[in-house]
Amino acid sequence: MNIKFKKFNNKQLPFNDEMLSFWNEEGFLVIEQFYDSPECDSLRYRAKELINDFEHSSVRSIFDTNNQKHAEDDYFLESGDKIRFFFEKNSFDKNGKLNNSIDLVINKIGHALHDLDSVFFNFSHREELNNIALSIGISSPKLLQSMYIFKQPQIGGEVVCHQDSTFLYTKPESAVGFWVALEDATIENGCL
Ligand SMILES: O=C(O)CCC(=O)C(=O)O
């Protein structure tokens, strides 16, 4: 299968015909500079604050797409309307102690940041995003889930190939993911 790759830019918004036909043909769209660096930095700063305030002594929920154990875990299953923290595999030693500082072992925070935290709320509830959703044919867009995914250096399991709409399943399929790269992936901070 040949996948075409093309980057669009924020300045090309509102959505144009070329974007729409790329979306319809390829099923994805890259829009550079949709958020500026200070906006991304403010989200990273807020995520750090949330982790610092996280009382983690009783939480052991590991997000691992290979064994899917998190899917048996109430802490995970009941997180749809909460702000909860999930660890990388190998975060704990055999005595249950963290192998590294807390900010370097969290896999993600989910799943209602967009509703419950004002910084995340402002980041995600914006007209430009709503307009994109309308432009790709979602007649009544709703933000139902948010995650802050860390991609920590030197730890963590592989995320196997998957399609999010098979987990966030509706009939007919209706889930669309909006994914924001908050920082560049470099050799220093843990690129592939
Ligand atoms: O960690 C990732 O790269 C993606 C995870 C994901 O798709 C999910 O948790 O739904």
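**Figure 1. Gly27 after helix H1.** Gly27 comes directly after H1 and has a positive phi, near 80°. Helices are DSSP runs of H or I with at least four residues, strands are runs of E with at least two, and both are numbered from the N terminus. The model is predicted; local features need pLDDT of at least 70 and side-chain atom pairs count only at pLDDT 80 or more, while totals for chains, interfaces and linings use all residues. Numbering starts from 1 along each chain as its sequence is written.

**Figure 2. Helix H1, residues 17-26.** H1 is hardly covered, with 0 buried residues among its 10. A residue is buried if 20 or more other C-beta atoms, placed from the backbone, lie within 10 Å of its own. Over the chain, buried residues make up 14% of the 192.

**Figure 3. The ligand shell.** Met147, Ile149, Val159 and Asp164 surround the ligand; a residue is near a molecule if its C-beta atom, placed from the backbone, lies within 6 Å of it. The shell has 3 nonpolar residues, 1 charged and no polar. Nonpolar covers Ala, Val, Leu, Ile, Met, Phe, Trp, Tyr, Cys and Pro, charged covers Asp, Glu, Lys and Arg, and the others, Gly among them, are polar.

**Figure 4. The chain around these views.** The chain has 6 helices and 5 strands, in the order β-α-β-α-α-β-β-α-α-α-β from the N terminus. Of the contacts (C-beta atoms, placed from the backbone, within 7 Å) with a separation of 6 or more, 61% join residues 24 or more positions apart. Along the principal axes, the C-alpha atoms fill a box of roughly 55 × 40 × 35 Å.

How values were computed:
Buried ≥ 20, exposed ≤ 12 C-beta atoms within 10 Å, placed from the backbone. Contact = placed C-beta atoms within 7 Å.
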